[in-house]
Amino acid sequence: MLAGSLVFPGNAMAEGLPFSPGEEIHYDVKWQMYKAGEAVVKVLPFEEKKGGPAWHFELSATTNRFLDTFFKVRDHIQGFVARDFSGSVGYGYSGRGKKKKEIQVTFFPKTSTAAYSNFEEKREPIKIPRGCFDPMSSYFKMRTFDLVEGQTLSFPITDGKKTFLQKGDILGKEKLKLKSGTYDTLVIAPYVNHFSGVFEESEDPTVRVWITDDERHIPVRIKVQVVVGSIYLDLRSYVPGQKFRAQKEK
């Protein structure tokens with residue numbers, strides 16, 4: 001549902017990636033202050049793609065009966081990234097809400113292009129820059145960088161229809177208290193001028209992400225302010241990936 005909103009760049013972490021297969025992040029979704037649904041982000045086992053094994057990321061988002069009346073969501077989003085995390089190699093979006101979508105974006109690294117399709121709609125491939133990420137994988141790309149207060153950061157993203165340089169400001173540090181715990185966080189504000197859908201319909205839309213100020217860089221709260229009001233994704237529970245579970249057991 002919100003994967004396309006999460007795009008933040010920076011300097012690569014020297015100590016390696018802060019996630020591994022087996023990781024699960026569960027969110028409670030709220031509209032204004034009402035419980036509206038849930039979302040789950042997972043790192044799945046590596047999947048074979050053209051060129052070798054690829055990272056496999058997944059987001060499932062579902063609204064409850066209360067929000068279904070206004071804005072029904074049944075989203076399943078997948079992103080695939082090269083093993084060395086040099087860029088995306090695949091993307092899929094399946095929506096079964098009020099508007100049905102079956103989007104696939106195929107990446108062609110050799111020609112630096114990506115091709116979009118949605119059911120019978122197929123578009124000609126577009127040129128993309130090196131190191132380009134899809135909307136789903138941008139959530140994880142964000143977590144692989146050093147995040148320094150006061151910086152304005154950027155990196156390229158594509159949805160198969162257009163490519164743009166997404167920017168985001170690191171606003172500062174904040175201690176955030178949620179039902180799942182209290183977290184030391186960095187607050188990040190992505191620019192939303194390239195976002196489509198409800199963002200285009202909103203007079204002054206904003207997105208804020210609270211990400212843990214540690215080596216994991218876990219997004220614990222995401223707030224979207226648009227024409228329909230404030231939407232929150234608040235961390236309910238976190239399951240570390242296999243690599244980090246193994247480290248803890250040693």
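A: Phe85 is buried, because its relative accessible area is 7%, where buried means under 20%, exposed means over 50%, and partly exposed means anything in between, with a 1.4 Å probe and protein chains only. This is a predicted model, in which local features need pLDDT of at least 70 and side-chain atom pairs count only at pLDDT 80 or more, while totals for chains, interfaces and linings use all residues. Residues are numbered from 1 along each chain as its sequence is written, and side-chain values use heavy atoms, with hydrogens and water left out.

Phe85 sits in the loop between strand S5 (74-82) and strand S6 (88-96); strands (E, at least two residues) and helices (H or I, at least four) are DSSP runs numbered from the N terminus. The phi angle of Phe85 is near 60 degrees, a positive value in a residue other than glycine. Ser112, in the loop between strand S7 (100-108) and strand S8 (113-118), also has a positive phi, near 50 degrees, but Ser112 is partly exposed, since its relative accessible area is 22%.

Strands S2 (residues 24-31) and S3 (residues 34-49) pair in the antiparallel sense over 8 bridges, pairing being called when DSSP finds at least two bridges between two strands. Tyr27 stands opposite Ala39 of S3, and in this hairpin, with 2 residues between the strands, Gln32 has a positive phi near 55 degrees. S3 also pairs with strand S4 (residues 52-63) in the antiparallel sense, over 11 bridges, with Val40 opposite Ser60 of S4. This hairpin too has 2 residues between its strands, and Gly51 in the turn has a positive phi of about 100 degrees.

Glu38 forms a salt bridge (a side-chain nitrogen of Lys or Arg within 4 Å of a carboxyl oxygen of Asp or Glu) with Arg236, the closest N and O atoms being 3.0 Å apart. Arg236 lies in strand S17 (residues 229-239) and Glu38 in S3, so the pair ties together parts that are 198 residues apart in sequence. Arg236 is partly exposed at 35% relative accessibility, and Glu38 is partly exposed at 40%.

Asp234 and Arg221 also meet in a salt bridge (2.7 Å, N to O). Asp234 lies in S17 and Arg221 in strand S16 (residues 219-226), so this pair ties together parts that are 13 residues apart in sequence. Asp234 counts as buried at 8% relative accessibility, and Arg221 counts as buried at 16%.

Finally, some residues lie at the surface. Tyr34, Phe66, Phe70 and Phe71 form a nonpolar patch with about 450 Å² of accessible area together, such areas coming from the Shrake-Rupley method with a 1.4 Å probe, and for residues only the protein chains shown count as cover. Patches are made of residues with over 30% relative accessible area and no salt bridge, with like charges joined within 9 Å and nonpolar side chains (Val, Leu, Ile, Met, Phe, Trp, Tyr) within 5 Å. The largest share of this patch, 3 residues, comes from helix H1 (residues 65-71). Phe66 has its place in H1 and counts as partly exposed at 36% relative accessibility.
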